[in-house]
Amino acid sequence: MVTSVPRLVIAAPSSGSGKTTVATGLMAAFAARGLAVSPHKVGPDYIDPGYHALATGRAGRNLDAYLCGPGLIGPLFAHGARGCDLAVVEGVMGMYDGAAGEGELASTAQVAKLLRAPVVLVVDASSQSRSVAALVHGFVSWDPEVRIGGVILNKVASDRHEELLREALESAGVPVLGVLRRAPQVSVPSRHLGLVPVAERQGAAVEAVASMAAQVAQGCDLGALEALARAAGDVPGGSAPWTPGLPTHDHRSRSDEKRADTERKPVVAVAGGAAFTFSYAEHVELLTAAGAEVVTFDPLRDEQLPEGTAGLVVGGGFPEVYGAELSANEPLRKAVAALARSGAPVAAECAGLLYLCRELDGRPMCGVLDATARMSERLTLGYRDAVAVSDSVLAPAGTRMRGHEFHRTVVEPGAGADPAWGVRAPERRVEGFVQHGVHASYLHTHWASEPGVARRFVERCRTS
């Protein structure tokens with residue numbers, strides 16, 4: 001099967017150039033034209049996909065060649081873009097920036113090549129004129145396998161400034177597909193881990209996306225951009241879309257899969273709401289395909305776990321921002337602790353780890369783990385190679401996965417738990433907690449890279 005969904009990759013020379021504004025605005029502007037737009041984000045970012053989802057009405061999806069491997073980029077893209085008229089992929093950092101010390105791995109350029117997608121380069125032109133030609137020429141010539149199909153000039157000050165930029169770019173041979181003037185009204189507030197998530201802004205986020213769409217529609221040649229996307233051709237490799245169902249090489253038979261479908265569906269509660277916004281769409285799809293009934297709940301509002309909860313997944317987010325509210329919800333904290341004491345499977349990542357501690361910044365949390373957590377000035381950030389060092393509800397010891405850390409907190413462990421992962425970061429260390437049915441760690445992982453994680457978790461929910 002080949003995938004020929006029209007597609008664009010939105011890249012930039014560096015962070016802060018305006019990729020999110022342009023990508024989100026394009027998604028919304030194309031959707032307003034009646035197109036079904038598939039939104040994607042390069043890398044492990046959880047926040048931008050929330051704005052993409054607002055712009056398109058579809059789940060924002062990540063394309064991370066480090067976490068999932070380059071071979072899954074095409075299938076994951078095809079899965080997300082199934083049935084769509086056009087796809088927009090927002091890049092990460094500068095176009096050629098990827099996993100540190102790994103060459104092009106996980107860069108926007110690599111994903112563009114894997115998808116054979118034309119690139120639109122967003123350039124912050126606020127402090128330059130003729131030099132823009134040299135900058136664009138450098139990006140065009142650096143890697144001939146990356147096709148830069150056009151430039152969008154951002155933060156242009158005036159008509160005269162635009163004229164100078166266009167004159168300079170004529171010599172670079174790259175068409176100008178859009179010019180955006182400085183527009184502070186479309187800026188999105190940020191804090192210590194990036195943009196403020198959609199779930200925390202509600203109406204303001206809707207207004208921001210609408211402003212991005214209006215600015216892009218006014219300043220960009222949508223017809224030329226759509227034509228560029230339609231010239232992309234087929235995704236290389238001809239691979240079938242990724243599916244959350246059993247892979248053909250799985251040791252269980254198809255009859256086993258059908259039998260699992262008729263068995264009791266265990267309820268897996270997944271934390272959501274403003275405090276826990278970091279998740280990959282594929283995780284819920286994998287849990288559902290493994291036979292679970294997935295029910296989302298909000299730890300800020302709900303005082304009990306969903307009825308019949310047999311397993312709990314608490315992903316990342318900002319519990320430090322909502323520490324007081326999470327602590328005040330004592331009935332839910334007690335329910336989570338009781339579930340963990342029963343031996344039911346509990347999987348927690350980063351913010352979920354903090355929520356399971358005894359306390360966070362002096363405020364009582366669930367007390368599942370004998371550990372305390374606090375905010376720190378130090379940012380811990382980066383991709384990690386990891387191996388499971390303890391058998392857990394997610395994976396047997398020896399399982400190798402890749403993950404990503406991104407936090408400004410410190411956890412001080414007590415006793416009574418085994419480590420979850422052995423991590424190379426680049427120093428070797430152990431990290432996380434495995435305790436009875438609990439697996440808690442700072443490491444964000446993408447389960448599509450190891451589908452057995454979701455199947456093992458759901459099977460434990462059935463038998464615990």
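In this predicted model, the axes of helix H1, which spans residues 19-32, and helix H9, which spans residues 222-230, come within 12 Å of each other and cross at roughly 95°. Because angles of 65 to 115 degrees count as roughly perpendicular, H1 and H9 are therefore described as roughly perpendicular to each other. On the side of H1 the contact is made by Leu-26, Ala-29 and Phe-30, and these residues meet Leu-222, Leu-225 and Glu-226 of H9.

A second pair of helices can be described in the same terms, since two packed helices are described by the angle between their axes and the distance between the axes. Helix H2 (residues 48-56) packs against helix H8 (residues 203-219) at an angle of about 70°, and the axes of the two helices are 10 Å apart. That angle makes H2 roughly perpendicular to H8. In this pair, Tyr-51, Leu-54 and Ala-55 of H2 meet Ala-205, Val-206 and Val-209 of H8, and the residues of the contact comprise six nonpolar, no polar and no charged ones.

Helix H2 also takes part in the lining of a pocket, namely the second largest pocket, to which H2, strand E3 (61-63), helix H7 (198-201), strand E10 (267-271), helix H11 (281-289), strand E12 (309-314) and strand E13 (346-349) each supply at least two residues. The volume of the second largest pocket is about 770 Å³, and of the 38 residues that line this pocket, Phe-276, Thr-277, Phe-278, Ser-279 and Tyr-280 are the closest to its centre. Helix H11 provides the largest share of the lining, with five residues.

Turning to the annotation, an unreviewed UniProt entry places the feature "domain: CobB/CobQ-like glutamine amidotransferase" at residues 268-450. In the model, the span of residues 268-450 is 18% helix and 39% strand, and its end C-alpha atoms lie 19 Å apart.

Notes:
Residues numbered from 1 in each chain as written. Predicted model: local features only at pLDDT ≥ 70, side-chain atom pairs only at ≥ 80, totals over all residues. Heavy atoms only, no water. UniProt positions renumbered as here; feature names shortened; annotations may be inferred. Helix = DSSP H or I, 4+ residues; strand = E, 2+ residues; numbered from the N terminus. Axes fitted to C-alpha atoms, helices over the stretch in contact; angles between N-to-C directions. Parallel < 35°, antiparallel > 145°, perpendicular 65-115°, else oblique. Contact = heavy atoms within 4.5 Å. Nonpolar A, V, L, I, M, F, W, Y, C, P; charged D, E, K, R; others polar. 1 Å grid on protein atoms, 1.4 Å probe; cavity = no way out; pocket = protein on both sides within 12 Å on 5 of 7 lines; lining within 4 Å. Points joined across faces, edges and corners; volume = space filled by probe spheres on them.
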